[in-house]
Amino acid sequence: MLLIKNGLVIDPSQDLCEKKDILVKDGKIAQVKSEILSEAECNTIDAAGCIVAPGLVDVHVHFRDPGFTYKEDIESGARAAVKGGFTSVVLMANTKPAVDNKETITYVIEKGKTVDLNVYTCATVTKAMAGRELTDMDQLSSCGAAGFTDDGIPIMDEALLEEAFRNGSRLHVPISLHEEDPSLIANNGINQGKASAHFGIGGSPREAEISLVARDLKIALKTGAILNIQHISAKESVQLVREAKRRAAQNGSGNIHAEATPHHFSLTEEAAIQYGTLAKMNPPLREEADRLAIIEGLRDGTIDIIATDHAPHSKEEKEKAITEAPSGIIGLETALALGITTLVEENGFSQMQLLQRMSTNPAKLYGLNAGTLAEGAPADIVIYDPKESRTAGNYRSKASNSPFTGRKLQGVVKYTIVCGNIVYRD
């Protein structure tokens, strides 16, 4: 048994924000009460001064396994996740081979069972992520696919996407989309504007994202799909999602969700100029007006999920020229602190709002048994000090590609508990 005492318990699933004790027994939440007396056989954690919350849930991570395990693998990714306070993750499917067949999805799910983390995975929408033929979504769903995505590559065939949406709706699983029209992009990963001018390249214009977001929201409303717009970067995209959610609520048609990354609500294209390839990502960091629009979208629920898009790359890859280096940064170990630093401390979010977007909402989107401290639920818990600060670095990930390294951030994870077991302690 495990007893957590004296912490401020915040659980968005129950609208709970009170000082409580939590008793964990047999891997589940046994009791949540104002005071629970310790027993001799209990392992007790004194959480005074800390927040005790449902374990964080990240629905957009890349563990690069199989195929690119020199960047990251399921074991190292799990170590990074629990250090960041995450107890459940949903993996993207752009591995090698891609998760488009029974053998690969079985490999990922079975390997995920060997680590101290709840590991789920998406399967691809199209075979080999080629955008020409749908995968056997029924089979992959029955094999355990939590959802479907060709993340990294947009789906340009509208008729094919509409068919995928109808399949996803029938299977009651989300389809998550990377929204960038490649025909409009000269050089990916860098905003077309001040940053692209600095590097003397064409860059990636906001229209590449906006055009596909508009198209796909329209199809989703038509089909009633469970749609997740991934890693929004442009203010116009935020407004399009806001309007689509309003129409869906009025018509009772469509199930629209959107996610934002900590780097998109914390940084602008100025970071790309300062840090070069360490701040190169798809979609790119854009302007201050876009960053503020994303924050407001998170505040009013237009963007209902914070997801890291944890994208590890080797040091050698990131040291290439700006047009040759791969896009993406790691994010699992800095996400909570960036949420506290940027959203809570600088923009007046409550801890409840932050945790809803980092735990309860993402769990709901993918139908995971997570994101709650209700009695009987799995004892997946994060305990963190919201006032302590620490310098980002000393990563557990295999990779270190982050513009936040060396930056002092507020909020430190003290314990991560998965199925009642302490899997990380500071």
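How do strand β2 and strand β3 pair, and over how many bridges? Strand β2 (residues 16–25) and strand β3 (residues 28–33) are antiparallel partners, joined over five bridges. Here, two strands count as paired if DSSP finds at least two bridges between them. Helices (H or I, at least four residues) and strands (E, at least two) are DSSP runs, numbered from the N terminus. The model is a predicted one: local features need pLDDT of at least 70, side-chain atom pairs count only at pLDDT 80 or more, and totals for chains, interfaces and linings use all residues. Residues are numbered from 1 along each chain as its sequence is written, and side-chain values use heavy atoms, with hydrogens and water left out.

Within this pair, leucine 23 stands opposite glutamine 31 of β3. β2 and β3 form a hairpin, with two residues between the strands. Aspartate 26 lies in the turn and has a positive phi of about 55°. Aspartate 15 also has a positive phi, near 50°, and is a residue other than glycine. Its place is the loop between β1 (2–11) and β2.

Strands of a sheet pair through backbone hydrogen bonds, either parallel or antiparallel. An open sheet of five strands shows the parallel kind, in the order β9-β10-β11-β12-β13. β9 (148–149) and β13 (305–306) stand at its edges. Each has a single partner strand, so one side of each is left without a neighbour in the sheet. Inside the order, β11 (residues 226–229) and β12 (residues 255–260) pair in the parallel sense over four bridges. Isoleucine 229 has alanine 258 in β12 as its bridge partner. Helix α6 (residues 206–223) lies across β10 (175–177), β11 and β12. It runs at about 165° to β11. For this angle, axes are lines fitted to C-alpha atoms, for helices over the stretch in contact, and angles run from 0 to 180 degrees between N-to-C directions. Contact means heavy atoms within 4.5 Å.

Two cis peptide bonds can be described next. One joins aspartate 65 and proline 66, with omega at about 15°. Proline 66 lies in the loop between β6 (56–61) and α1 (74–83). Another joins lysine 96 and proline 97, with omega at about 0°. Proline 97 sits in the loop between β7 (86–91) and α2 (102–112).

A cavity is a set of points where a 1.4 Å probe fits but cannot get out. A pocket is an open set with protein on both sides within 12 Å along at least five of seven lines. Lining residues have an atom within 4 Å of a point. Grid points are joined across faces, edges and corners, and a volume is the space filled by probe spheres set on the points.

The largest pocket has a volume of about 480 Å³. It is lined by 23 residues. Arg64, Asn94, Gly152, His313 and Ser327 lie nearest its centre. By class, six lining residues are nonpolar, twelve polar and five charged. In this scheme Ala, Val, Leu, Ile, Met, Phe, Trp, Tyr, Cys and Pro are nonpolar, Asp, Glu, Lys and Arg are charged, and the others, Gly among them, are polar.

The second largest pocket holds about 330 Å³ of space. Of its 20 lining residues, Lys83, Glu333, Arg390, Gly411 and Val412 lie nearest the centre. α12 (335–347), β14 (381–391) and β15 (408–418) are the elements that give two or more residues to this lining. β15 gives the most, with four residues. The lining has ten nonpolar, six polar and four charged residues.

The structure holds two cavities of 30 Å³ or more. About 70 Å³ of space lies in the largest cavity. Its lining includes Arg64, Asp65 and Asn94. Five of the lining residues are nonpolar, four polar and two charged. The second largest cavity has a volume of about 50 Å³. α8 (262–266) and α12 each supply at least two residues of its lining. That lining has six nonpolar, four polar and no charged residues.

Salt bridges number 27, each a side-chain nitrogen of Lys or Arg within 4 Å of a carboxyl oxygen of Asp or Glu. One of them links arginine 166 and glutamate 162 (3.0 Å, N to O). These residues are four apart in helix α4 (residues 158–171), so about one helical turn separates them.

Methods:
1 Å grid on protein atoms, 1.4 Å probe; cavity = no way out; pocket = protein on both sides within 12 Å on 5 of 7 lines; lining within 4 Å.
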